Protein chains: 2
Amino acid sequence: FIQNRDSSISKKIKSWQNIQFKLIGKINLEGYVGFANLPNQVYRKSVKRGFEFTLMVVGESGLGKSTLINSLFLTDLYSPEYPGPSHRIKKTVQVEQSKVLIKEGGVQLLLTIVDTPGFGDAVDNSNCWQPVIDHIDSKFEDYLNAESRVNRRQMPDSRVHCCLYFIAPSGHGLKPLDIEFMKRLHEKVNIIPLIAKADTLTPEECQQFKKQIMREIQEHKIKIYEFPETDDEEESKLVKKIKDRLPLAVVGSNTIIEVNGKRVRGRQYPWGVAEVENGEHCDFTILRNMLIRTHMQDLKDVTNNVHYENYRSRKLAAVTYNGVDNNKNKGQLTKTLEKNKKKKIF
Amino acid sequence: FIQNRDSSISKKIKSWQNIQFKLIGKINLEGYVGFANLPNQVYRKSVKRGFEFTLMVVGESGLGKSTLINSLFLTDLYSPEYPGPSHRIKKTVQVEQSKVLIKEGGVQLLLTIVDTPGFGDAVDNSNCWQPVIDHIDSKFEDYLNAESRVNRRQMPDSRVHCCLYFIAPSGHGLKPLDIEFMKRLHEKVNIIPLIAKADTLTPEECQQFKKQIMREIQEHKIKIYEFPETDDEEESKLVKKIKDRLPLAVVGSNTIIEVNGKRVRGRQYPWGVAEVENGEHCDFTILRNMLIRTHMQDLKDVTNNVHYENYRSRKLAAVTYNGVDNNKNKGQLTKTLEKNKKKKIF
C-alpha cells in the first residue's frame, strides 16, 4: 500500500525523464518572472473556496469528549439546549455527526464532529469498533462513488480526517479495548491518542503513564498519526516537541474562571485551578495548535493520499481481480456496482 | 456540461442541508481558534510540492512564438544550440513538447511548452487543427487513465492549461483558419488570443484591429478564456483592464538593448526601440502578469474543473449509455478499456 504522502515535483521529474520527454534542463532565470507568486494564488483560492474538516472523537462516555470539543473550538457546540450525545442517546454504540460553520479572519471552516456515544460502555464490548469502522468506510465509499460519477459537479467530502482517541486516566496503561480499537482503525484514519481528564494525574504520574502507553503502542505495532518530515528546522523542532509529549494529556472545560485577573477556561478545585490552556497544567494547547493551526491540512492530505487511496485500491482490486468482492462486507460492493450501473456510473 | 468553476463551501452546505445532515448553525467564536491559519498551511504545502504548468503556443511560423516564450520566462528556452522548432522541423503539423524546470524565490515550476510547428504553413490547411486536438485529448486520456488506476501513486499532469493563439498582424481581422481553429478548440483548452509582432501596427491600427477581432470572436461565438468573477474590487479592476485590451498585442525579443541607461528587452529600429516590457509599446507585460503572476492557478483550475471534466463525462457517458464508444475516434476507447482491463483499472 501507499507509503508516500505526496508526490513532489522532483519525484515526478525522475519518472518523466524515464518515460516520455526530454527535459531541457534546469535554467537560471535572468530576472523576476513572477511565478513565485503561485503559492499566493493558491492561498487566495483556498480562502475563497473555504475549508472542510471532519473530526471524530472516540472513548468511553464520561471522559469529557464533548467538553474538549467545546474547548478546542471555543464554542458551545454542545450546550444545555443541545447537550453532548451522552445526555441524549442510549448506551449502544452509535455514530453521530454534527456540522457547524465557523468563520475566523475571513476563513470559513465547515467542521464536522463525529461522535460515538456508547463506545465501550457495555458489559460486553466485542465489536463495538464495528459501527466506527462502518462509518469511516461508508464515507470513503461515498467519496469513491462521487469520484466515479460521470457528472462530478459536487464532491462533498465527509471522510474522517482525524480520530481523537480518549484513554481513561487510569494510570495503568491501555485497556484491551483501547488496543483492539486502535489496531483495527489505524489503517483507516489518523489516530491521535489522548489521555482524558488529565487533571487527575500528578505530573509524575502523567509522565509515567505516557511512557507506559507509548511502550504498549509500539509493542502492539499500532500506527498513530505520523507527523510529516520536514527540512524546516523550526518546524522539525516543533514536531519533536509534540512527539515527546505523546499521548497528549488534556483537560477540557466549559467554565470561564478568573485567575489573577485573567479570564481562563479551567476547573476550579479547592486546591487551585487546573487551567486548560496552561502548558504546565496539560497539553491542551499543544493539541489545539497541532490539530488546528499547524497540521490540519496535513491530516486532510494523509487521509486523502494514504487512507483513502488504500481503501480505494483494496476496493477496486477486489473487483478487478475476481469480478466479485473479496472483502468482508460481502454483497455490499455488488450492491454498489448495481447502484452505480443504474446511476450510469461505470 | 459543467459551467461552474469550483464548488464553494456555501454551495456544498446548501446541498448537504437537503441531503443528509443537521447543520447546527453558524456560531460566533469567543476567541481565536487558529484555523484562520489553514490557508498558510495550504501555501506551505504548495511550495513544498512544487508547480506544473503546460503552455501551448499555436500560430503560423514566423509569428515569434519561440521568441515570446523566451521573453515570458526570461530564459533562453530556445537558443542557437537548441533553436525553436521552426528551425528544426519540416512543415507538416507536429506537436512538440519541451520541459524546463525553473526556480524563483523558493518556488519550483516545471514548465512544459507545447509547440505546433508547421501549423497553418501548408497550401491546404484543412484539418491542421487535428494534431492539436489529438494532443490535448491524449493528455486528458492519460490523466483519466492515471486517475482510474487502482494504484494511483503517481499522477503526472500533462494536460494543456493554456493555449496562446497567435494572430498575424495583418490589420484585416481573423483568417478563416483562425476562426476554425478556435471554434474547434475552445471547449478543450483555455484560449488566449494574441496579436503577434504588434510592432508592425501603429497604436491606432492596433486599436482598430483589436476591435475587429473581438467583434468576429463574438460573432462566431468563440469562447476564449474567461476570467473568474471576483468580489475583490482591486482584482475586478485589474480584470477589467485586461479584458479591455483583448486580444493582447505582443512583441517579443531575445535582444537586450540599452535605452536611457536601462537594459531592456526590445527591438532596435532606425526610428527607435520597441520595448517589450513598455506598456505603451505593447501588452506584453499585461500578458505576463496575467498568465504567470495572477491567473496561472485559475488556468489550471479551469482546465481541471471545466475542460477535463467535460472530456471525462463525454468519454464515460459514451461508455455507460451504450457500452460502446459514440465518439468520432471510434475504436480508440475500446482499446483503452481493454488496456485498462489488462492493467486492472476500474
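Two strands count as paired if DSSP finds at least two bridges between them. In this predicted model, strand β9 (residues 262-269) of chain B and strand β10 (residues 272-275) of chain B are joined by four bridges and run antiparallel. Within that pairing, B:Gln268 has B:Val273 of β10(B) as its bridge partner.

In chain A, an open sheet is built from three strands in the order β8-β9-β10, with antiparallel pairing. Its edges are held by β8 (256-259) and β10 (272-275) of chain A; each has a single partner strand, so one side of each is left without a neighbour in the sheet. On average, and with direction ignored, neighbouring strands of this sheet are turned by 70 degrees against each other. The contact of β8(A) with strand β9 (residues 262-269) of chain A consists of four bridges, and these two strands run antiparallel. Here A:Val259 is placed opposite A:Lys262 in β9(A).

The view can now be widened to chain A as a whole. Its secondary structure comprises 10 helices and 10 strands. Chain A has 346 residues, of which 56% count as buried. Among the contacts in chain A with a separation of 6 or more, 69% are made by residues 24 or more positions apart.

How many disulfides does a search of the whole structure find? Over all chains, the search finds zero. B:Cys128, for example, is in no disulfide, and the nearest cysteine sulfur, that of B:Cys163, is 12 Å away. A disulfide requires a pair of cysteine sulfur atoms within 2.5 Å, and B:Cys128 therefore does not qualify, with the nearest cysteine sulfur 12 Å away. B:Cys162 is likewise in no disulfide; for this residue the nearest cysteine sulfur is also that of B:Cys163, at 7.0 Å.

Are these two cysteines of chain B, B:Cys128 and B:Cys162, buried or exposed? Because buried means under 20% relative accessible area, B:Cys128 counts as buried at 6%. B:Cys162 has a relative accessibility of 0% and is buried as well.

Conventions
Residues numbered from 1 in each chain as written. Chains lettered and ligands numbered in written order. Predicted model: local features only at pLDDT ≥ 70, side-chain atom pairs only at ≥ 80, totals over all residues. Heavy atoms only, no water. Axes fitted to C-alpha atoms, helices over the stretch in contact; angles between N-to-C directions. Buried < 20%, exposed > 50% of the residue type's maximum accessible area, 1.4 Å probe, protein only. Contact = heavy atoms within 4.5 Å.
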